Amino acid sequence: MRPAVAALALSLVLAACGGSPRVAKPAPTPPPSSNGRAGAAVRSTNQLALALLGRLGGSGNLVFSPYSIDRALAMVDQGAAAATAAQIDRVLAASGASLASSHRALRTGLAADAPQMKSADALWLQAGLALEQPFEGALAEDFGAAPRTVDFAADPGGAARMINSWAASSTGNLIRDLMPPGALNKFTRLVLADAVYLKARWQYPFEHSMTHPQSFFTPNNRTVTAQFMSRMPVLLPYAAGETYQAIELPYRNSSLSMLLVMPSAATQSRFASGLNPAAIEASLRPRLLVLSMPRFD
């Protein structure tokens, strides 16, 4: 089977507006990386993922990166204050300094344990616009996003091309138009961006010769035919509850894995509202399985 290749990119564009300037939150020197601090970022990301899934779900296919969204909001939070900071902290279930240190721990851990995955953050700033040092320092040290100067006011198109070039180089050239025409204008002052790229092989590959059509059941009770890839029996982490079945597929030479969760037919409509990744992971036990799953790109 071909390597699994995925790329996602996200940007937040801030424009000039009226009002009092915000003072960045102090960014103390982060403590050494630890599983506990990285775990805080994971829990925050999972909580955000489930909240977004409930709002964005609908009836069609949906792909989004809660890790990118969490990181982008965490970066903004380092310079937020008052009601803005309180709202971000509530959504992410953490506050500025702890968000920074936990994301730094997670970024460091992923870089060491998951060589197939690359995560990049960047910040583009209007020439002549100064940032508060604690904000700039937090983005550089905790998120690896040192400011880069561009001139949105005079050449927004050139700034867009620069950002798109960064997105392409950070995602194996899979994402080349992060900033579509008109996304930036002369009033833009700052752009924060996050990109995630994964290229990995399954520890237990699927066989091309075992791919065949099967019925796939959609949430609106339709049955469609899809190509299912299959493999011979193998020992894999498996869990089952009243409303779901779950399986974990490890990647080769990596600490990363893919957790697949399938709702039971009777609970598809309310499945996302009761999803608890931590509880599912805690229930996983090795089991000899014959696995078939839809092929996807």
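**Close-up views of a predicted model**

**View 1. Three residues link S7 to S8 in a hairpin.** The model is predicted: local features need pLDDT of at least 70, side-chain atom pairs count only at pLDDT 80 or more, and totals for chains, interfaces and linings use all residues. Residues are numbered from 1 along each chain as its sequence is written, and side-chain values use heavy atoms, with hydrogens and water left out. Strands (E, at least two residues) and helices (H or I, at least four) are DSSP runs, numbered from the N terminus. Strand S7 covers residues 234-240 and strand S8 covers residues 244-250. The two run antiparallel and are joined by three bridges. Tyr 238 faces Ile 247 of S8. Ala 240 is set opposite Gln 245, also in S8.

**View 2. A second hairpin is formed by S8 and S9.** Seven bridges hold this antiparallel pair together. Ala 246 stands across from Val 261 in S9. Six residues lie between the two strands. Asn 253 belongs to this loop. Its phi is near 50 degrees, which is positive although the residue is not glycine. Asn 253 has 67% relative accessibility and therefore counts as exposed (over 50% relative accessible area; buried is under 20%, partly exposed is in between; 1.4 Å probe, protein chains only). Strand S8 itself is another matter. Six of its seven residues are buried, so the rest of the structure largely encloses S8.

**View 3. Four strands make an open sheet in the order S9-S8-S7-S10.** Pairing is antiparallel, where two strands pair if DSSP finds at least two bridges between them. Strands S9 (257-263) and S10 (285-289) form the edges. Each has a single partner strand, so one side of each lacks a neighbour in the sheet. From one strand to the next, the twist averages 35 degrees. Strands of a sheet pair through backbone hydrogen bonds, in parallel or antiparallel fashion.

**View 4. Helices H2 and H5 cross at roughly 150 degrees.** H2 spans residues 66-77 and H5 spans residues 133-143. Their axes come within 9 Å. Axes are lines fitted to C-alpha atoms, for helices over the stretch in contact, and angles run from 0 to 180 degrees between N-to-C directions. H2 and H5 are therefore roughly antiparallel (over 145 degrees; under 35 is roughly parallel, 65 to 115 roughly perpendicular, the rest oblique). On the H2 side, Arg 71, Ala 74, Met 75 and Val 76 meet Phe 135, Leu 139 and Phe 143 of H5 (contact means heavy atoms within 4.5 Å). By class, this contact has six nonpolar residues, no polar residues and one charged residue. Here Ala, Val, Leu, Ile, Met, Phe, Trp, Tyr, Cys and Pro count as nonpolar, Asp, Glu, Lys and Arg as charged, and the others, Gly among them, as polar.

**View 5. The largest nonpolar core has 24 residues.** A nonpolar core is a set of buried Ala, Val, Leu, Ile, Met, Phe, Trp, Tyr and Cys residues joined through side-chain atoms within 4.5 Å. Leu 110, Met 117, Phe 206, Leu 236, Leu 249, Leu 256 and Leu 291 have the most contacts inside this core. Helix H1 (35-56), helix H4 (96-113), strand S4 (188-200), S7 and S8 each give two or more residues to it. Leaving aside neighbours within four places in sequence, Leu 110 touches Tyr 67, Pro 115, Met 117 and Leu 256. Another core lies apart, with 20 residues, including Val 76, Ala 85, Leu 99 and Leu 192.

**View 6. Leu 198 sits in strand S4.** This residue has 15% relative accessibility, so it counts as buried. Thr 171 is 27 residues away along the chain, yet the C-alpha atoms of Thr 171 and Leu 198 are separated by 8.3 Å.

**View 7. Ala 82 has a positive phi, near 55 degrees, in a residue other than glycine.** It is part of helix H3 (residues 82-92). Ala 82 counts as exposed because its relative accessibility is 57%.

View 8. Of its 297 residues, 38% are buried. Among contacts with a separation of 6 or more, 70% join residues 24 or more positions apart.
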